[in-house]
Amino acid sequence: MAFVLAVTGSAVGLGNIWKFPYIAGQNGGGAFVLVYLLCVFLVGMPVMMSEILIGRRGRRNPVATMALLGQEEGSSSNWKWLGGLGVLAGILILSYYSVVAGWTVAYIVKSASGVFAGATPERVSAQFGEFVGNWRLVGLSHTVFMALTIFVVARGVERGLEQAVRFMVPALLVLMFILLGYSISSGHFGEGLAFMFTPDFDRLTWDSVLAALGQAFFTLSIGMGAIMAYGAYLPEETSITGASGTVVIVDTVIAMLAGLVIFPLVFANGLDPADGPGLVFDTLPLAFGQMAGGAFFATIFFVLLSFAAWTSAIGLMEPAVAWLVEQKFRTRAQAALMVGILIWALGMGSVLSFNVLAEFKFYKGTIFDNVDHITSNIMLPLGGVAIAVFAGWIMCRNSTAEELGGAGRLYKIWRLLVRFVAPVGILFVFLKAVGLLPELS
Ligand code: PHE
């Protein structure tokens, strides 16, 4: 139970409520959502199981675990570089994740002050624009969020976290249902539903498919060793399949709810689904602004979302800190402080991407856009391929069957997915999206 709570805390975060709706909106809805769900169940879930079983067998930080198991399974200790890639991915993701988490922290204060009451769509968008345009304020919120994260990681992950998740996830679900009720009553629920679930494959590009795959990795916290680091604490007798199934379902339900709340609001207020990273901040305040007790619910909502982001941020920092601590020349507090300050400094690039450096664009856009793209759409999927290959091809059948509780039917399906479906699927989508595979027709 404690393990499921910790992994759920890592999985449920901004990825579900902030990122999923805006990426789905930018990629045209329906078809994207379908591909996303396929990626979650056919690739995400088996990779998550692989990460957990690797973590439990290695019982160390991701770098040391990969080195150890690489040798134990008769391959090489060079698999440690896979752990290293994860440490790096965690640092880069948290650098911009913390900035968006800072937005949610700032929105707690805004909500409590009642500024959303009766606000029009124009006003709400303008409020968001003014807020992110102010680099000092955004920088301050990012700093506050990083300080809170460093604080918990420095003290060691543990108890408090599980208690927090035990309360946070159900509370978040309740609020999502309240919002869903509002969304249904807004009169545009059907349109939102159609947008999310009517696939229009003409609008689907290989870039969108890669975005769906990347989002599946991001939202499940896989491909970078975070889940591996938690797996190291998992007792022998816990079922890995059961734990992964629970986490995947909870995570998916929350993302779907977020979409069902946000898209009807988008259509009811004449907004654009492809609005981008501000989508949640441009829509939810409208609902709160018109609801009885809106300021109260808005405040609670942003508190819960900040909390969800916080429990994910801890997972993002954990591989780097665990690795430094096991290097023996740092205490946990020193390691957390060092890693945290590095992440904070890198994050300033994302803070400035919405104001001072908004026009500084290269490759995929601003610094924020690039860090997001490179981590979610390149590093996590490639990390995922490597994890799947390791669990499916390098580890012997006996080792994995032992961890997954015997070689039954479920085991055979898992093995088929990690040996063939996940690696081939990920590489195919990846090469297609970067244009390295020719058109077939
Ligand atoms: N899964 C988290 C979210 O959806 C983000 C995350 C990614 C956390 C990778 C840890 C590792 O918000």
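Me: What is meant by the axes of two helices here?
Reply: Axes are lines fitted to C-alpha atoms, for helices over the stretch in contact. The model they are drawn in is predicted.

Me: Where do helix α7 and helix α14 stand in relation to each other?
Reply: Take α7 (residues 135–155) and α14 (residues 294–326). Their axes come within 9 Å and cross at roughly 60°.

Me: Why is α7 called oblique to α14?
Reply: Set the angle against the cut-offs. Under 35 degrees would be roughly parallel, and 65 to 115 roughly perpendicular. The axes cross at roughly 60°, so α7 is oblique to α14. The crossing is right-handed.

Me: Which residues make the contact between α7 and α14?
Reply: On α7, they include F145, L148, T149 and V152. On α14, W310, A313, M317 and V321 are among them.

Me: Why is S244 called buried?
Reply: Buried means under 20% relative accessible area. S244 has 0%, so S244 is buried.

Me: What does S244 touch?
Reply: S244 sits in helix α12 (residues 240–268). Leave out residues up to four places away in sequence, and S244 touches M45, M48, M49 and I52.

Me: How do you know that the buried residues of α9 line one face of the helix?
Reply: In α9 (residues 189–197), the buried residues are F189, G192, F195 and M196. Seen down the axis, they fall within an arc of 125°, so they line one face.

Note on methods: Residues are numbered from 1 along each chain as its sequence is written. This is a predicted model: local features need pLDDT of at least 70, side-chain atom pairs count only at pLDDT 80 or more; totals for chains, interfaces and linings use all residues. Side-chain values use heavy atoms; hydrogens and water are left out. Helices (H or I, at least four residues) and strands (E, at least two) are DSSP runs, numbered from the N terminus. Buried means under 20% relative accessible area, exposed over 50%, partly exposed in between (1.4 Å probe, protein chains only). Contact means heavy atoms within 4.5 Å. The arc is that of the directions from the helix axis to the C-beta atoms. Axes are lines fitted to C-alpha atoms, for helices over the stretch in contact, and angles run from 0 to 180 degrees between N-to-C directions. Angles under 35 degrees count as roughly parallel, over 145 as roughly antiparallel, 65 to 115 as roughly perpendicular and the rest as oblique. A crossing is left-handed if the near helix is turned anticlockwise from the far one by less than a right angle, and right-handed if clockwise.
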